[in-house]
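Here are a few friendly notes to read with the structure open beside you. Take them one at a time, and find each piece on screen before moving on.

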Amino acid sequence: MELQGRAAIVTGAGGGIGKGIVLSLATAGADIVLVDLDQAAADAVATKVRKLGRRALVVETDVTDKASVVDMVSRAAEWSGGISILVNNAGVEIIRPVFEISESDWDKTMAVNLKGAWLCAQLVGQTMAEAGDGGRIINIGSIMSEMPAPGEPHYAASKGGILMLTKALALDLAPYSITVNSIGPGVVKNGMSSRGCLADGEMAEIVASKIPLRRLGRPEDIGHAVVFLASEKASYVTGVMLYVDGGMILASAWS
Amino acid sequence: MRLQGRTALVTGAGTGIGRGIALLFAQEGATIVVNDYDATSGERTVELIEDAGGRGVFVRADVSDPAAVGAMIDAAVQVSGRVDVLVNNAGIDLPQATSVVDTRIEDWDRTLAVNLRGVFLCSRAVIPLMKEKGGGVIVNIASIAGLRPMPQEAAYGASKAGLVLLTKQMARDFAGDAIRVNCVCPGPMEKPTRDRLEFLRSRQTAYEKRQAFADQIPLGRMCKPQDIASAALFLASGESSMVTGVELVVDGGFILT
């Protein structure tokens with residue numbers, strides 16, 4: 001098991017992709033700290049982690065609030081004996097016509113998607129640096145980190161921000177042997193973006209037919225990529241964006 | 001055993017990255033068709049595979065030669081009737097760094113012929129076989145020199161940039177046939193052989209020169225074949241079944257600097 005003996009923090013652990021990431025990490029041998037605003041959702045996933053024989057700790061946290069994150073990090077460190085993996089997966093997506101996006105839509109999107117990732121990376125990164133054993137930070141971006149979609153300039157900007165945050169942190173944290181990478185999902189079943197367009201089974205089929213690899217992403221597709229980046233095998237990979245999107249970005253133009 | 005029951009053709013597998021990939025894939029259960037321009041090193045890779053309990057067969061070919069590529073694919077099919085994974089790793093880089101002005105025309109042509117046309121020739125021969133069998137995986141070994149302009153490396157850089165785009169182009173054309181195409185972009189590799197020659201030539205400690213270079217790399221060391229082999233394994237295995245058309249940079253953060 002590739003991640004035997006390691007402990008990971010996963011934010012947004014109660015959601016669709018978050019659950020996929022948590023279960024993939026647990027299957028690979030890691031103990032998990034599940035972070036979410038929705039304690040009940042996180043508890044449900046934690047139960048599955050324990051069924052896999054791994055330990056799980058749920059910490060209700062607001063990733064946009066420093067005090068909340070500081071508290072979570074110290075509880076996680078004490079419980080685990082040492083966090084070596086952080087997955088910044090918490091995110092919100094609010095779609096509106098371009099002239100109707102409000103300041104609070106913008107602020108909330110930026111706070112959760114970008115500030116939250118930065119705050120967790122800084123605070124968890126600091127404990128990793130102090131422990132001196134290196135670490136892995138994995139940010140969940142999106143195909144919208146580089147390819148726009150209608151109605152979401154604020155979401156796109158936050159995910160584009162993840163792309164550069166990843167590269168900049170990779171540079172800053174390399175001296176501590178901490179690698180920082182991101183993953184860019186496309187449309188994932190049970191993921192946040194799917195709730196709207198995939199609620200209808202027929203719509204789901206239409207969307208899948210437009211994806212080059214002819215299927216929707218599954219949370220475990222993202223999970224597998226997280227396990228690869230978190231493993232020893234990827235110790236020389238840092239500052240990259242790895243798209244796990246079935247080729248959606250390829251199909252830009254000339255569709 | 002993530003490649004159990006599969007057959008992988010690895011070009012340029014006599015040394016370095018290619019050998020690293022061939023050995024790792026064999027360890028993961030694949031039968032390896034080992035290709036190289038040089039028979040001695042290619043046969044040695046097969047020996048190493050077999051010593052470790054795996055299965056390998058050597059086929060000599062110059063990947064820039066269409067007839068040789070055709071014969072190589074025929075030989076590969078003889079081995080197990082299929083090619084599930086194609087790793088286009090064969091590539092050359094001229095020993096002297098040259099800008100467009102200083103590059104001889106024949107050197108430009110040769111570099112492009114092996115690094116880009118070689119991938120074109122091998123891929124076009126293997127893709128129809130993969131389609132017939134319901135799918136497959138192609139992993140191209142490109143370079144960070146294909147993403148950022150490397151000083152005085154005109155032909156090499158152009159060939160690798162072409163390879164990155166060709167990777168995405170092939171991914172687009174054949175996604176519907178369940179063929180995934182991705183590339184790995186290595187950073188500067190440790191080159192023990194070149195270092196030994198450099199020491200003999202210049203009497204400077206090659207280790208010191210190499211270490212000074214490694215200090216410029218954020219993760220503090222040069223790339224090893226094992227780093228590339230691990231990335232290639234991820235891209236060849238079922239764990240990346242939703243990944244196609246990507247360039248996976250494995251460079252210790254070098255292009256961030």
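1. Let's begin inside chain B. Strands E4(B) and E5(B) pair in the parallel sense, and four bridges link them. Keep in mind as you look that this is a predicted model. For one bridge to find on screen, go to Val85(B): its partner in E5(B) is Val137(B).

2. How does the chain cross from E4(B) to E5(B)? The path goes through helix H4 of chain B, residues 105-132, and this β-α-β crossover is right-handed.

3. Now look at the other neighbour of E4(B). Strand E1 of chain B, residues 7-10, runs parallel to E4(B) and is joined to it by three bridges. Here Val85(B) turns up again, standing opposite Ala8(B).

4. Are the residues on the two faces of E4(B) buried or exposed? Val85(B) and Val87(B) lie on one side, Leu86(B) and Asn88(B) on the other, and all of them are buried. Both faces of E4(B) are therefore covered, a residue being counted as buried when 20 or more other C-beta atoms lie within 10 Å of its own.

5. Seven strands of chain B make an open sheet with parallel pairing, and their order is E3-E2-E1-E4-E5-E6-E7. Strands E3 (55-60) and E7 (247-250) of chain B stand at the edges; each has a single partner strand, so one side of each has no neighbour in the sheet. From one strand to the next, the twist averages 20°.

6. Strand E2 of chain B, residues 31-36, pairs with E3(B) in the parallel sense over six bridges. One pair to look for is Asp36(B) with its bridge partner Arg60(B) in E3(B).

7. Helix H5 of chain B (residues 154-174) touches strand E5 (136-141), strand E6 (179-186) and E7 of chain B, and its direction makes about 165° with that of E6(B). Helix H8 of chain B (residues 225-236) packs on the sheet too, touching strand E4 (85-88), E5, E6 and E7 of chain B; its direction makes about 165° with that of E6(B).

8. Finally, look at where the chains meet. Chain A gives 26 residues to the contact and chain B gives 24. On the side of chain A that touches chain B, the elements giving two or more residues are helix H5 (153-173), helix H8 (219-230) and strand E7 (241-244) of chain A. That side of chain A has 16 nonpolar, six polar and four charged residues.

Technical notes:
Residues numbered from 1 in each chain as written. Chains lettered and ligands numbered in written order. Predicted model: local features only at pLDDT ≥ 70, side-chain atom pairs only at ≥ 80, totals over all residues. Pairing = 2+ DSSP bridges. Axes fitted to C-alpha atoms, helices over the stretch in contact; angles between N-to-C directions. Contact = placed C-beta atoms within 7 Å. Nonpolar A, V, L, I, M, F, W, Y, C, P; charged D, E, K, R; others polar. Buried ≥ 20, exposed ≤ 12 C-beta atoms within 10 Å, placed from the backbone. Right-handed = clockwise from strand over helix to strand, strands pointing away.
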